[in-house]
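Here is a short report on one protein model. Please keep the sequence and the 3D view open while reading.

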Amino acid sequence: MQIIIVGCGKVGRTLTAQLSGENNNVTVVDTNGELVKGLANYYDVMGVTGNGASYSVLAEADIEHADVLIAVTHSDEVNLLCCVVARKAANCHTIARVRNPVYSAERAFIRKELGLSMIINPEFAAAVEIARLLRFPSAIDIDSFSKGRIELLRFRVPAHSPLEGLALRDLPQKLQADVLICIAERRQEVMIPDGNFKICAGDLLSMISIPGNAGTFFQKIGIRMNQVKNAMIIGGGEITYYLSRFLLSTGIKVKIIEKNRERCEELCELLPKATIICGDGSDRELLQEEHLEHMDALVAGTDMDEENIILSLYARDRVKAKVVTKLNHLDFNDVIHSLNLDSLIYPKNIAAEYILRYVRAIGNSVGSNVETLYKLMDGRVEALEFLIRKDSDLIGIRLQDMRLKKNLLIAGIGRNGKLIMPGGQDEFLPGDSVIVVTTNSGFGDIHDILEKKGA
């Protein structure tokens with residue numbers, strides 16, 4: 001597909017890396033010529049320097065033949081105008097990043113009236129992810145499928161767990177657990193394990209389950225289920241605002257520490273039920289005065305990655321249940337992961353996943369398109385959900401008769417609100433949600449799970 005990305009910031013760069021690697025023709029546009037040149041050279045894409053809201057600039061980027069325009073500049077208004085101009089200039093799909101809470105409340109109206117295909121708010125999406133983690137603090141990451149009825153949970157195997165030394169094929173009978181382990185990480189190695197894989201303490205495992213079964217499984221393997229009743233959030237940005245609204249609506253007490261007095265006054269008006277503290281969240285004495293040790297959760301959500309990491313390391317042994325760290329950059333990923341922090345949230349990656357899912361879906365007009373997409377383990381694994389249409393030619397074929405690609409697992413089938421742990425005799429039916437976990441990349445259709453003939 002022909003794709004134009006307006007804005008070469010963090011989200012724009014992430015999208016360029018993903019989409020250019022999936023056989024798309026990508027053109028990047030930005031007013032900063034150095035950013036355009038660097039991105040174009042590094043990812044071997046086309047680059048245009050200029051204002052993406054200008055018709056002449058978009059014409060230079062060949063908007064006439066574009067399939068998708070994605071506007072992710074730092075300005076909501078510029079992003080919306082880019083999409084309006086693109087819709088007038090060509091009959092293409094348009095995606096805008098819109099971050100202002102004022103616009104967020106009117107998202108549906110704006111999208112419909114301006115003819116946008118999609119509006120994405122990275123801060124809102126990140127807040128949804130954090131709220132999900134605080135609901136189930138025993139998990140490091142939680143990704144949902146089938147409208148929340150199926151979840152993929154990542155956790156670390158504790159020492160002296162009943163899982164130690166257990167082969168995956170024996171897990172259902174040994175623990176009477178209706179879950180499926182589909183990804184394993186051990187000493188930086190990521191794999192799609194088979195039934196012979198033996199679990200060791202310290203392994204990071206990802207499992208497919210329905211929400212109710214996950215709690216029972218964690219109790220059986222010795223992971224405590226500490227429910228979050230109160231949370232401290234350091235930093236008063238937009239993520240904090242959205243997250244606090246979610247938490248307060250579920251009865252969780254919220255304490256926010258923000259150093260900017262004007263922002264504190266805004267938050268007091270926006271979040272009257274939250275406790276707002278004006279101060280430096282990296283001040284150890286302040287954290288002690290505000291009783292960090294009595295908190296069930298801490299969210300390090302300042303604009304400084306270094307500060308968030310230090311706060312999380314400090315809180316790791318003092319907070320009872322959960323520590324969540326917001327990060328904006330990926331430059332030192334290996335170092336960050338070696339610190340064994342609890343849960344990491346990258347807003348730009350979350351936004352990129354939403355957009356990538358949509359782009360892949362519109363790139364396939366037949367078969368079964370991507371309904372949900374997650375990039376896991378620094379992009380080394382993808383977890384996807386496909387909806388099986390009534391005209392799919394894979395209906396009625398047993399899994400054991402399908403020639404599946406290597407490094408791929410059919411991790412679950414959602415049918416009539418229930419989760420089926422698939423075996424060789426199972427087959428797809430119309431309306432099924434099929435969850436696929438793979439170290440391959442670029443899947444946009446359910447047929448991509450099959451080996452090509454002659455391969």
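The report goes from the overall fold to the cysteines, then to one helix and one alanine.

**Overall build**

This is a predicted model. The protein contains 15 helices and 22 strands. Its C-alpha trace spans about 65 × 65 × 40 Å along the principal axes.

Of the 455 residues, 53% count as buried. Among contacts with a separation of 6 or more, 60% join residues 24 or more positions apart.

The protein exposes about 21,100 Å². Carbon and sulfur atoms supply 48% of that area. As for charge, there are 52 positive and 59 negative side chains. The centres of these two sets lie 6 Å apart.

**Cysteines**

How many disulfides does the structure hold? It holds zero. A disulfide is a covalent bond between the sulfur atoms of two cysteines. For a pair to count here, the sulfur atoms must be within 2.5 Å. Cysteine 8 is in no disulfide, and its nearest cysteine sulfur, that of cysteine 82, is 12 Å away. Cysteine 182 is in no disulfide either; the nearest cysteine sulfur, that of cysteine 200, is 18 Å away.

Are these two cysteines buried or exposed? Cysteine 8 is buried, and cysteine 182 is buried as well.

| Residue | Relative accessible area |
|---|---|
| Cysteine 8 | 6% |
| Cysteine 182 | 0% |
| Alanine 125 | 4% |

**Helix H13**

Helix H13 covers residues 305-315. Eight of its eleven residues are buried, so the helix is largely enclosed by the rest of the structure. The buried residues include the charged-type side chains Asp305 and Glu307. Asn308, Ile309, Leu311 and Ser312 are buried too. Tyr314 and Ala315 complete the set.

**Alanine 125**

Alanine 125 is found in helix H7, residues 122-135. It counts as buried because its relative accessibility is 4%, and the cut-off for buried is under 20%. Which residues does alanine 125 touch, leaving aside those up to four places away in sequence? They are Ile350 and Tyr354. Alanine 300 lies 175 residues from alanine 125 along the chain, and their C-alpha atoms are separated by 17 Å.

Conventions:
Residues are numbered from 1 along each chain as its sequence is written. This is a predicted model: local features need pLDDT of at least 70, side-chain atom pairs count only at pLDDT 80 or more; totals for chains, interfaces and linings use all residues. Side-chain values use heavy atoms; hydrogens and water are left out. Helices (H or I, at least four residues) and strands (E, at least two) are DSSP runs, numbered from the N terminus. Buried means under 20% relative accessible area, exposed over 50%, partly exposed in between (1.4 Å probe, protein chains only). Contact means heavy atoms within 4.5 Å. Accessible areas come from the Shrake-Rupley method with a 1.4 Å probe; for residues, only the protein chains shown count as cover. The place of a charge is taken as NZ of Lys, CZ of Arg, CG of Asp or CD of Glu.
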